[in-house]
Amino acid sequence: KQWYQRRVRVRGAAAEKLRECFSPGVIEIEEGVAVVKDARLDSGSREVLRHPELVEGVKLLKVRDHFIFTVESTGAMDPLDLVREAVKVLKKKCEVYRKELDVLTT
């Protein structure tokens, strides 16, 4: 997840250029000023950093332990049940790795 913090107002042609640096729907232009509309739509692009005139306009921040994902099912299992089962498998794998680490550190 990437968060945006506006540092200075980006207006006019620069606002349009800023909008083009991000996925559709992330940045919109309201009354000639670029505003963040929906940061969740961003793909994590750092295109804005390639434009020195725009770098002052935004500060990119990431929350490193926050993930949003979509689970689709073809019908054999409900998506929620699929996620629950996947978490169980992941927990079991983590237990195995933790035991292996304990053996290595003792």
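In this predicted model, the secondary structure of the protein consists of 3 helices and 4 strands, and these elements follow one another along the sequence in the pattern β-α-β-β-α-β-α. The overall dimensions were examined next. The C-alpha trace spans about 60 × 45 × 15 Å along its principal axes, and the radius of gyration is 21 Å, whereas a compact globule of 106 residues would have a value near 13 Å. Of the 106 residues in the protein, 20% are buried, and the accessible surface comes to about 8,500 Å², with 54% of that area belonging to carbon and sulfur atoms. Among contacts between residues at least 6 apart in sequence, 49% join residues that are at least 24 apart.

In soluble globular proteins, nonpolar side chains tend to be buried together. The largest nonpolar core of the protein has 12 residues in all, namely Val 10, Ala 15, Leu 18, Cys 21, Phe 22, Val 26, Ile 27, Ala 34, Val 48, Leu 54, Val 58 and Leu 60. Helix α1 and strand β4 (58–62) each supply at least two residues of this core.

The loop between α1 (12–20) and β2 (27–30) contains Ser 23. With a relative accessible area of 14%, Ser 23 falls under the 20% limit and is therefore counted as buried. When its neighbours within four places in sequence are left aside, Ser 23 is in contact with Leu 41, Asp 42 and Ser 43.

At the start of α3, a side-chain oxygen of Asp 78 comes to within 3.1 Å of the backbone nitrogen of Leu 80.

Glu 95, which lies in α3, has a relative accessible area of 40%, a value between the limits of 20% and 50%, and so it is classed as partly exposed. The C-alpha atom of Glu 95 is separated by 36 Å from that of Arg 46, a residue 49 places away along the chain. Leu 104 is also found in helix α3, and because its relative accessibility of 70% is over 50%, Leu 104 counts as exposed. Between the C-alpha atoms of Leu 104 and Leu 61, which are 43 residues apart along the chain, the separation is 36 Å.

Note on methods:
Residues are numbered from 1 along each chain as its sequence is written. This is a predicted model: local features need pLDDT of at least 70, side-chain atom pairs count only at pLDDT 80 or more; totals for chains, interfaces and linings use all residues. Side-chain values use heavy atoms; hydrogens and water are left out. Buried means under 20% relative accessible area, exposed over 50%, partly exposed in between (1.4 Å probe, protein chains only). Contact means heavy atoms within 4.5 Å. A polar contact is a pair of N or O atoms within 3.5 Å; within protein, one must be able to donate a hydrogen and the other to accept it, and residues adjacent in sequence count only if both atoms are side-chain atoms. A nonpolar core is a set of buried Ala, Val, Leu, Ile, Met, Phe, Trp, Tyr and Cys residues joined through side-chain atoms within 4.5 Å. The radius of gyration is taken over C-alpha atoms; the globule rule is 2.2 Å times the number of residues to the power 0.38. Accessible areas come from the Shrake-Rupley method with a 1.4 Å probe; for residues, only the protein chains shown count as cover.
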